[in-house]
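Subject: Structure handover

Hello,

Here is the structure you asked about. My notes follow below it.

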Amino acid sequence: MPSSPVHDPVRHLLVLGGTTEARRLAAALAEEPGVRVTSSLAGRVAAPRLPAGEVRIGGFGGPEGLARWLREHAVDALIDATHPFAGTISFHAAQAAATAHVPLLALRRPGWVARPGDVWHPVPSLDAAATALPALGSRVFLTTGRMGLAHFAHLTDLWFLVRSVDAPEPPHPPRMTTVLDRGPFTLDGERELLRRHRIDVLVTKDSGAAATAPKLAAAREAGVPVVVVQRPPVPEGVPVADEPGAAVDWVRALLG
């Protein structure tokens with residue numbers, strides 16, 4: 001009597017997402033046989049771009065809550081594909097993965113590299129960026145997102161052009177104009193913003209995204225100095241993939 005075919009069990013992957021790379025990864029994993037992918041979004045954007053597969057929105061309640069979710073939902077592997085500056089969730093993921101004994105990978109796009117003609121001022125934090133600004137310019141293009149505006153609220157003598165996906169809430173700088181927009185951005189568009197608003201200093205996080213890199217080229221052309229907030233480190237001991245394809249390779253090797 002012929003034996004019944006043996007099917008490999010479906011493996012459950014949790015992707016901590018919200019980035020372009022996370023969406024690309026979820027789409028690739030959804031095509032993998034025997035894989036069920038769930039993407040978790042923080043819920044900080046009102047209308048997020050949803051990835052392929054299952055989606056959950058909201059926090060876990062710290063590392064203990066994430067570890068509990070991993071166990072309760074039988075997660076076989078965890079991939080931290082959050083924004084390079086979402087440092088808290090990355091450390092929570094490392095703690096939760098260790099507690100739940102779940103393999104963890106960090107997906108991080110490479111950071112930007114200065115080119116000839118760039119006038120960059122690297123700083124370790126948003127507070128340090130705010131401290132550096134008065135000596136560099138008076139009309140600031142601030143592209144660090146709406147969540148960090150409180151760090152610049154005390155700079156009453158400077159004027160800010162703030163770009164974010166959703167409208168910012170106080171506290172924020174008193175002299176401020178807001179542009180609601182989402183990348184990718186074009187070089188011509190960034191040139192026009194700098195020209196029209198007479199920008200003389202740019203502030204950015206080292207997010208490394210190609211979609212937002214044209215502002216750096218526009219600043220280089222215009223001779224505008226750039227305050228670059230350096231990204232926090234990946235938790236020690238966590239392996240890192242620099243693009244979604246490498247993360248898929250890691251999953252394939254892990255699951256055999």
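Which side chain does E54 meet in a salt bridge? The partner is R36, at 2.8 Å from N to O; a salt bridge here is a side-chain nitrogen of Lys or Arg within 4 Å of a carboxyl oxygen of Asp or Glu. E54 lies in strand β3 (residues 54–57) and R36 in strand β2 (residues 35–41), so the pair ties together parts that are 18 residues apart in sequence. Helices (H or I, at least four residues) and strands (E, at least two) are DSSP runs, numbered from the N terminus.

This is a predicted model: local features need pLDDT of at least 70, side-chain atom pairs count only at pLDDT 80 or more, and totals for chains, interfaces and linings use all residues. Residues are numbered from 1 along each chain as its sequence is written, and side-chain values use heavy atoms, with hydrogens and water left out.

The structure holds 12 salt bridges. Another of them joins R220 and D118, with the closest N and O atoms 2.9 Å apart. R220 is in helix α6 (residues 214–222) and D118 in the loop between β5 (104–107) and β6 (120–123), so this pair ties together parts 102 residues apart in sequence. D118 counts as buried at 16% relative accessibility, while R220 is partly exposed at 23% (buried means under 20% relative accessible area, exposed over 50%, partly exposed in between; 1.4 Å probe, protein chains only).

D249 also bridges to R252, at 3.8 Å between the closest N and O atoms. E32, D249 and R252 are linked in a network of salt bridges.

Regards
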